[in-house]
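Here is a protein chain to go through by question and answer. Each answer sets a value against its cut-off and then concludes.

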Amino acid sequence: MLYDKDIRDPLFDFLEETYGKIRIIEEKQMGRSRADVVMVLPDAVCGIEIKSDADTYTRLKRQVRDYNQYFDCNYIVVGTSHAMHVEEHVPDWWGIITVEIENGRVDFYILRQARENPKRNRKKKLSMLWRPELAHIQEMNQMPKYRQKSKDFVIEKILAAVPEETLCRQVSEELFERDYNEIEEHINAYRKGVRL
């Protein structure tokens, strides 16, 4: 039986081998759920839910609803105990990766490739960015700063001004560059109007 902790590190290696340049963000709050894994690709952000052999589908319906709002595409990674029935529990645009022990090592197989998520809410995706990251996107696109406006206001202005393809790349760039060790410094600098 494989548990979540047995799956994560080998999964990250598998994803890097499969997709090349990626960044992994673990345990990201989105809506009422927490994404197990957020995989940042150069032009997309992908949500990944892990259901080990020890897990049940109890919360999956709500998780699917939340993942669908935030991510460009989604995968579910399942142990062998779920592999036969997982397709019944996720939309057909979700990718499915199975995981099992093969010759003493954790082995992954892409049962179904993820497709573009038709339910993605672009506002929700942008809401994952911190205010200094949004400010950098505004700067890259020669937009006004809107320093006294709310985050929601700024997100609306960005969505109206920046073509989707460009914005997808820029969101990924911000997430690739995100430094959790320096966030307090960046937020304080943003509040003072200083660009680091």
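This is a predicted model: local features need pLDDT of at least 70, side-chain atom pairs count only at pLDDT 80 or more; totals for chains, interfaces and linings use all residues.

Q: How many helices and strands does the protein chain hold, and in what pattern do they follow along the sequence?
A: The chain has eight helices and six strands. Read along the sequence, their pattern is α-β-β-β-α-β-α-β-β-α-α-α-α-α.

Q: What makes the radius of gyration of the protein chain agree with that of a compact globule?
A: For 196 residues, a compact globule would have a radius of gyration near 16 Å, and the protein chain has 18 Å, so the two agree. Along its principal axes, the C-alpha trace spans about 55 × 30 × 25 Å.

Q: Why is Glu133 called buried?
A: The cut-off for buried is under 20% relative accessible area. Glu133 has 6%, so Glu133 counts as buried. This residue lies in helix H5, residues 131-140.

Q: What does Glu133 reach with its side chain, and which residues does Glu133 touch?
A: The side chain of Glu133 reaches the backbone nitrogen of Trp130 at 2.7 Å. Polar contacts are counted within 3.5 Å. Leaving out residues up to four places away in sequence, Glu133 touches Glu174 and Arg178.

Q: Are Cys73 and Cys168 buried or exposed?
A: Buried means under 20% relative accessible area. Cys73 has 13%, so Cys73 is buried. Cys168 has a relative accessibility of 13% and therefore counts as buried.

Q: Which residues have the most contacts inside the largest nonpolar core?
A: They are Phe71, Ile76, Leu126, Ile158, Leu167 and Val171, in a core of 34 residues. Elements that give two or more residues to this core include strand E1 (23-30), strand E2 (33-41), helix H6 (151-161) and helix H7 (164-177). A second, separate core has 22 residues, among them Phe14, Leu15, Val37 and Ile50.

Q: Which residues does Val171 touch, not counting residues up to four places away in sequence?
A: Val171 touches Val45, Lys125, Leu126, Leu129 and Ile137. Contact here means heavy atoms within 4.5 Å.

Q: Which residues of H2 are buried, and what do they pack against?
A: In H2, the buried residues are Leu60, Gln63, Val64, Asp66, Tyr67, Asn68 and Tyr70. The buried residues of H2 pack against E1, E2, strand E3 (44-51), E4 and helix H4 (122-127).

Q: How do you know that Gly79 is buried?
A: The relative accessibility of Gly79 is 0%, so Gly79 counts as buried. Gly79 has its place in strand E4. Not counting residues up to four places away in sequence, Gly79 touches Lys51, Asp53 and Val99.

Q: How far is the C-alpha atom of Gly79 from that of Ala161?
A: The two C-alpha atoms are separated by 43 Å, and the residues are 82 apart along the chain.

Notes
Residues are numbered from 1 along each chain as its sequence is written. Side-chain values use heavy atoms; hydrogens and water are left out. Helices (H or I, at least four residues) and strands (E, at least two) are DSSP runs, numbered from the N terminus. Buried means under 20% relative accessible area, exposed over 50%, partly exposed in between (1.4 Å probe, protein chains only). A polar contact is a pair of N or O atoms within 3.5 Å; within protein, one must be able to donate a hydrogen and the other to accept it, and residues adjacent in sequence count only if both atoms are side-chain atoms. A nonpolar core is a set of buried Ala, Val, Leu, Ile, Met, Phe, Trp, Tyr and Cys residues joined through side-chain atoms within 4.5 Å. The radius of gyration is taken over C-alpha atoms; the globule rule is 2.2 Å times the number of residues to the power 0.38.
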